[in-house]
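Colleague: I am new to this one. Could you walk me through it and say what each label rests on?

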Amino acid sequence: MSANELLNRIKVIGDGGCFADDLKKTSFYLDPGMSSNKNMYLFECNWDTFQYFKSLKEPIAWANTIICITHPHEDHIGGLSTFLFYLKYVLSKDMKTVTIVCPDIADMINYLDLTGFDYAEVNIKEEYSGQSGVIVTGK
């Protein structure tokens, strides 16, 4: 894939910070419609991210969902569990096709547990400074 093809796949959802309501919080995804593997790569999943996907007039079709989280602050994961519920119950996605890549598995499990999403339903992969950690596989 050329650099131009990759740049054309990047879709920015918001470009604001934690308190920039008028700009929406920063997140983006790679448009799966323009790739051969039809994977959805989502970078950060805040509330604005969930609202963006919910508001689409025509849902985007994709196979696997890879959600990359840099750190567990609200403006990075504040919509994650709601987005996961949306994938499961509205879009009827098989949760075994969802992988969350994050720097700390324990933080992610705690967050999902606190927000009522069964973390065992998705794959969680710890990735930090280029070193892979444990993978928790879905049910």
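**Labels and what backs them**

Modeller: Start with Ile-10, which lies in strand E1. Keep in mind that this is a predicted model.

Colleague: Why is Ile-10 called partly exposed?

Modeller: Its relative accessibility is 31%. Buried needs under 20% and exposed needs over 50%. Ile-10 falls in between, so it counts as partly exposed.

Colleague: What makes the nonpolar surface patch?

Modeller: Leu-6, Leu-7, Ile-10 and Val-12 make it, with about 350 Å² of surface. Helix H1 (3-9) and strand E1 (10-14) each give two or more residues to the patch. A patch residue needs over 30% relative accessible area. Ile-10 has 31%, so it passes that cut-off.

Colleague: And the overall layout? Which pattern does the protein follow along the sequence?

Modeller: It reads α-β-β-β-α-β-α-α-β-α-β-β. That comes to five helices and seven strands. Of the 139 residues, 40% are buried. The accessible surface is about 7,700 Å², and 55% of that belongs to carbon and sulfur atoms.

Colleague: How do you know that Lys-88 and Glu-121 meet in a salt bridge?

Modeller: Their side chains are 2.6 Å apart, N to O. The cut-off is 4 Å, so the pair qualifies. The structure holds one salt bridge. Lys-88 sits in helix H4 (residues 80-90), while Glu-121 is in the loop between helix H5 (105-114) and strand E6 (123-128), so the pair ties together parts 33 residues apart in sequence. Side chains of opposite charge can pair when their charged atoms come close.

Colleague: Are the two partners buried or partly exposed?

Modeller: One of each. Glu-121 has a relative accessible area of 17%, under the 20% limit, so it is buried.

Colleague: What makes Glu-44 stand out in its phi?

Modeller: Phi is near 75°, a positive value, and the residue is not glycine. Most residues other than glycine have a negative phi. Glu-44 lies in the loop between strand E3 (40-43) and helix H2 (47-55). Its relative accessible area is 8%, under 20%, so Glu-44 is buried.

Colleague: Which residue with a positive phi follows H4?

Modeller: Ser-92, with phi near 55°. Ser-92 is found in the loop between H4 and strand E5 (98-102). Its relative accessible area is 59%, over the 50% mark, so Ser-92 is exposed.

Colleague: Now the inside. Which residues touch the most other members of the largest nonpolar core?

Modeller: Ile-67, Leu-80, Leu-84, Met-108, Leu-112 and Val-122, in a core of 29 residues. E3, H2, H4, E5 and H5 each supply at least two residues of this core. In soluble globular proteins, nonpolar side chains tend to be buried together.

Colleague: What does Leu-84 touch?

Modeller: Leaving out residues up to four places away in sequence, Leu-84 touches Ile-67, Met-95, Val-98, Ile-100, Leu-112, Phe-117 and Val-122. Leu-84 is one of the buried residues of H4, along with Leu-80, Ser-81, Phe-83, Tyr-86 and Leu-87. The buried residues of H4 pack against E3, H2, strand E4 (65-68), helix H3 (74-77), E5 and H5.

Colleague: Why is Val-122 called buried?

Modeller: Its relative accessible area is 0%, and the limit is under 20%, so Val-122 is buried. Val-122 lies in the loop between H5 and E6. Lys-96 is 26 residues from Val-122 in sequence, yet their C-alpha atoms are 5.6 Å apart.

Colleague: Which residues of H5 are buried?

Modeller: Ile-105, Met-108, Ile-109, Tyr-111 and Leu-112. They cover an arc of only 165° around the axis, so they lie on the same side of H5. The face turned away from that buried side carries the exposed residues Asp-113 and Leu-114.

Colleague: Last one. Where is Asp-104, and why is it called partly exposed?

Modeller: Asp-104 is in the loop between E5 and H5. Its relative accessibility is 31%, between the 20% and 50% limits, so it counts as partly exposed.

Terms used. Residues are numbered from 1 along each chain as its sequence is written. This is a predicted model: local features need pLDDT of at least 70, side-chain atom pairs count only at pLDDT 80 or more; totals for chains, interfaces and linings use all residues. Side-chain values use heavy atoms; hydrogens and water are left out. Patches are made of residues with over 30% relative accessible area and no salt bridge: like charges are joined within 9 Å, nonpolar side chains (Val, Leu, Ile, Met, Phe, Trp, Tyr) within 5 Å. Accessible areas come from the Shrake-Rupley method with a 1.4 Å probe; for residues, only the protein chains shown count as cover. Helices (H or I, at least four residues) and strands (E, at least two) are DSSP runs, numbered from the N terminus. Buried means under 20% relative accessible area, exposed over 50%, partly exposed in between (1.4 Å probe, protein chains only). A nonpolar core is a set of buried Ala, Val, Leu, Ile, Met, Phe, Trp, Tyr and Cys residues joined through side-chain atoms within 4.5 Å. Contact means heavy atoms within 4.5 Å. The arc is that of the directions from the helix axis to the C-beta atoms.
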